[in-house]
Amino acid sequence: MVTRANPDIDETRLVSDYDDSNSPRAGGSSPWVWDDSQSELIRRVLSSSTFEHCSRLKPFLEYVCDCALRNEPSAATEQMIGIHVFGRRPGYNTSQDNIVRSQARLLRLKLEHHFSNEGRLEEWIITIPKGQYLPVLKSRSEGSAMQERGADIDTVRSGGEGGDAAPVSKGAE
């Protein structure tokens with residue numbers, strides 16, 4: 001189970017616990033088409049070796065996927081992520097505390113690393129476009145551009161608490 005920094009969050013309810021009756025449908029501004037295969041994708045990504053030691057990125061990804069599944073983009077703001085994932089107090093100053101922006105950058109790198117390596121055979125790809133925190137689910141064919149430009153993220157140095165800083169080099173433990 002993922003431990004969250006905020007004790008007010010129900011830790012027993014995982015992203016994958018939501019069925020498609022709560023999920024947004026294709027079309028409009030919603031990027032999610034939810035079924036059991038995507039639910040399994042979230043589980044695989046969260047339990048992958050890429051995210052194994054990511055004590056901050058796993059709950060971040062879980063939270064924003066949960067927001068997408070519930071079709072609540074207003075809950076996936078910098079302020080709300082800071083409160084619910086990183087334990088910041090309501091009304092904290094996001095201009096002075098960039099935890100969400102910096103971790104979002106790292107989460108984007110980890111997702112790209114995962115889908116270029118361990119998850120390279122996945123039919124679906126999860127991305128978080130720059131400028132937003134709500135994840136987008138794309139079929140592999142739509143995400144092929146990501147693979148083509150996903151060059152050398154394997155070589156980004158790792159660091160920070162629990163491997164959250166960047167993708168780990170190939171062969172590193």
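Predicted model: local features only at pLDDT ≥ 70, side-chain atom pairs only at ≥ 80, totals over all residues.
Biologist: What percentage of the residues count as buried?
Modeller: A residue is buried when its relative accessible area is under 20%. The chain has 173 residues.

Biologist: In what order do the elements of the chain run from the N terminus on?
Modeller: The secondary structure comes to five helices and two strands. Among contacts between residues at least 6 apart in sequence, 54% join residues at least 24 apart. From the N terminus on, the order of the elements is α-α-α-α-β-β-α.

Biologist: Which residues touch the most other members of the largest nonpolar core?
Modeller: In soluble globular proteins, nonpolar side chains tend to be buried together. The largest nonpolar core here has 36 residues. Those that touch the most other members are Phe60, Leu61, Ile81 and Leu111.

Biologist: Which elements each supply at least two residues of this core?
Modeller: The core in question is the largest nonpolar one, with 36 residues. The elements that each supply at least two of its residues are α1 (36-46), α2 (57-69), α3 (78-84), α4 and β1 (124-127).

Biologist: How many residues of α2 are buried?
Modeller: At 1.5 Å a residue, the 13 residues of α2 should span 18 Å, and the end C-alpha atoms are 18 Å apart, which agrees. The helix is mostly covered. The buried count for α2 is 13 of 13.

Biologist: How far apart are the end C-alpha atoms of helix α4?
Modeller: Helix α4 covers residues 99-116 and is mostly covered, with 14 of its 18 residues buried,. At 1.5 Å a residue, those 18 residues should span 26 Å. The distance between the end C-alpha atoms agrees with this, at 26 Å.

Biologist: Which residues does Phe60 touch, not counting those up to four places away in sequence?
Modeller: Phe60 is buried, with a relative accessible area of 1%. Contact here means heavy atoms within 4.5 Å. On that basis Phe60 touches Ile81, Val85, Phe86, Val100, Gln103, Ala104, Leu107 and Tyr133.

Biologist: How are the rings of Phe60 and Phe86 arranged?
Modeller: The count comes to one aromatic pair. The ring centres of Phe60 and Phe86 are 5.7 Å apart and their planes stand at 90°; planes over 60 degrees apart count as edge-to-face. The arrangement is therefore edge-to-face.

Biologist: Where in the chain do the two members of that pair sit, and how many residues apart are they?
Modeller: Phe86 is buried, with a relative accessible area of 8%. The pair links distant parts of the chain: Phe60 is in helix α2 and Phe86 is in the loop between α3 and α4. Their separation is 26 residues.

Biologist: Which residue after α2 has a positive phi, and what is the value?
Modeller: Most residues other than glycine have a negative phi. Asn71 follows α2 and is found in the loop between α2 and α3. At 46% relative accessibility, Asn71 counts as partly exposed. The residue is Asn71, with phi near 55°.

Biologist: How far apart are the closest N and O atoms of Arg43 and Glu40?
Modeller: Being three residues apart in helix α1, Arg43 and Glu40 are separated by about one helical turn. Arg43 is partly exposed at 36% relative accessible area, and Glu40 is partly exposed at 35%. The two form a salt bridge, and the closest N and O atoms are apart by 2.1 Å.

Biologist: Is Asp97 buried or exposed?
Modeller: The side chains of Asp97 and Arg88 meet in a salt bridge, 2.5 Å from N to O. Arg88 counts as partly exposed at 26% relative accessibility. The relative accessible area of Asp97 is 19%, and the cut-off is under 20%, so Asp97 is buried.

Biologist: Which residues are linked in a network of salt bridges?
Modeller: The count comes to six salt bridges. One of them joins the side chains of Arg70 and Asp66, at 2.9 Å from N to O. Arg70 is partly exposed at 24% relative accessibility, whereas Asp66 is buried at 10%. The network links Asp66, Arg70 and Glu72.

Conventions
Residues numbered from 1 in each chain as written. Heavy atoms only, no water. Helix = DSSP H or I, 4+ residues; strand = E, 2+ residues; numbered from the N terminus. Expected span 1.5 Å × (residues − 1). Buried < 20%, exposed > 50% of the residue type's maximum accessible area, 1.4 Å probe, protein only. Core = buried A, V, L, I, M, F, W, Y, C linked by side-chain atoms within 4.5 Å. Phe/Tyr/Trp six-rings, centres within 6.5 Å; stacked < 30°, edge-to-face > 60°. Salt bridge = Lys/Arg side-chain N within 4 Å of Asp/Glu carboxyl O.
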